[in-house]
Amino acid sequence: MSYLLHLRCRECGRTYPLEPLAACEECWAPLEVQYDYGRLWADLRPQDLASRPATMWRYRELLPVDGEPWVGQQTGFTPLVSAPRLARLLGVREVYVKNDAVNHPTLSFKDRVVAVALSKAREFGFDTVGCSSTGNLANAVAAQAAAGGFKAFIFVPADLESEKIIATQIYGATLVKIQGTYDQVNRLCSEVAMKYSWGIVNVNLRSYYSEGSKTVAYEIAEQLGWRLPQNIVVPMAGGSLITKIHKGFEELKKLGWVEPAPTKFFGAQATGCSPITTAAKRGTTEIDPQKPNTIAKSLAIGNPADGIFAVKAILGSGGAGEDVTDDEIVAGIRLLAETEGIFTETAGGVTVAVARKLLRQGRINPDESLVLAITGNGLKTVAAVTGRLEEPEAIRPKLVEFEERFLTTATAATV
Ligand SMILES: *Cc1c(COP(=O)(O)O)cnc(C)c1O
Ligand SMILES: [Zn+2]
């Protein structure tokens, strides 16, 4: 049974049928899927989900897909890891890591949005799909297009990390490298979407695609025992993920599945591309576009499509936006790896580093629960930490050489 109603403009409220539309015809604002929450509230209880498979599709009534998912059937329900060692180092009582670095199949949270987008593409009858991407979306669309039998065109900025290039081409997708920034890539992609009858994930499938991010919110709540965290730090590129986690928590309150407790949203960016946090710090929804220059390439969107809504979610929750330098990002990656054994990509480094900065500034209450959204895998941005770690010299395979090189005389003597 479907609980979908229609698409609705986020600015003017005009409604549209559930079709592949890029934006409102009146005001060009994004469109959002509307659900019949009254019927959902009457029909569904959290305990009804308990026996369902541990994937994002356990929340299928809250996702804009009519039938069974066509791709990404195993995506989502990533671990919510209790992080006591990191908590002690940060000086916080209760920290959890939502670990989408191990999401199926391409190791980032983008697998969630693509699972919805390409399932919807199938329902709309598209045989060709595509996207503009800062890397992880490229990987997810390429992989799931292969699994779903779609032709795929992937548009990326030419300076992308080599891991992310390879992890797109390997699936047989057509990679279109553009000399320009993500924002220029995205503009070209919109023109392509207008001219050809293709399903472009972040253009004419955007309102469906972005709904996939809500499953991060549902999972966190369920994994906390149907409870909301008091604070959450979320990395931001276009600002969609943080907006949709916010929407997900609000939906759960509306459905009465969690206590209506407040959550403060903290948006995290790299200083080298911080249009959303800059606006949040100024207390305005006016976003000034920037030209990105940061190692956090997955977050390098200078003109964020959902920036306004991200700032509203942050400021409306009593949270804040904060950004960190490339050195702080690397320190954040290392801190999470060394305390919790989780290797995240640069975006996760941004999350950890921003959490640390806000805690040091006393802007996150250390006596409250804190969730860190870790959105991607460190093996995809190896270059960001290469040269930052000590490179050990090779030794000959001799015990004495090992002892001389690695053990102090005092320890060696006691062995
Ligand atoms: C895309 C991406 C984000 C941010 O996504 P938006 O919804 O565009 O804000 C965060 N982390 C990673 C690893 C990403 O790939
Ligand atoms: Zn409108």
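On a 1 Å grid over the protein atoms alone, a cavity is a set of points where a 1.4 Å probe fits but cannot get out, and its lining residues have an atom within 4 Å of a point. This is a predicted model, in which local features need pLDDT of at least 70, side-chain atom pairs count only at pLDDT 80 or more, and totals for chains, interfaces and linings use all residues. Residues are numbered from 1 along each chain as its sequence is written, and side-chain values use heavy atoms, with hydrogens and water left out.

**Cavities**

- The structure holds 2 cavities of 30 Å³ or more, where a volume is the space filled by probe spheres set on the grid points, which are joined across faces, edges and corners.
- The largest cavity has a volume of about 80 Å³, and its lining includes Arg 10, Glu 32, Ser 240 and Asp 306.
- Helix H9 (240-254) is among the elements that each supply at least two residues of this lining, and H9 gives the most, with 3 residues; helices (H or I, at least four residues) and strands (E, at least two) are DSSP runs, numbered from the N terminus.
- The lining of the largest cavity divides into 2 nonpolar, 4 polar and 5 charged residues, where Asp, Glu, Lys and Arg count as charged, Ala, Val, Leu, Ile, Met, Phe, Trp, Tyr, Cys and Pro as nonpolar, and the others, Gly among them, as polar.
- The second largest cavity holds about 40 Å³ of space, and its lining divides into 5 nonpolar, 1 polar and 2 charged residues, among them Phe 109, Leu 241 and Lys 98.

**Nonpolar cores**

- A nonpolar core is a set of buried Ala, Val, Leu, Ile, Met, Phe, Trp, Tyr and Cys residues joined through side-chain atoms within 4.5 Å, and buried means under 20% relative accessible area, with exposed over 50% and partly exposed in between (1.4 Å probe, protein chains only).
- The largest nonpolar core has 79 residues, and Leu 118, Ile 154 and Ile 245 have the most contacts inside it.
- Helix H3 (residues 110-124) gives the most to this core, with 7 residues.
- A second, separate core of 38 residues includes Ala 268 and Leu 372.

**Gln 73**

- Gln 73 lies in the loop between helix H1 (37-43) and strand S4 (80-82), and Gln 73 counts as partly exposed because its relative accessibility is 38%.
- Leaving aside its neighbours within four places in sequence, Gln 73 is in contact (heavy atoms within 4.5 Å) with Thr 55 and Trp 57.
- The side chain of Gln 73 reaches the backbone oxygen of Trp 70 at 3.2 Å.

Definitions and conventions
Chains are lettered from A and ligands numbered from 1 in the order in which they are written. On a 1 Å grid over the protein atoms alone, a cavity is a set of points where a 1.4 Å probe fits but cannot get out, and a pocket is an open set with protein on both sides within 12 Å along at least five of seven lines; lining residues have an atom within 4 Å of a point. A polar contact is a pair of N or O atoms within 3.5 Å; within protein, one must be able to donate a hydrogen and the other to accept it, and residues adjacent in sequence count only if both atoms are side-chain atoms.
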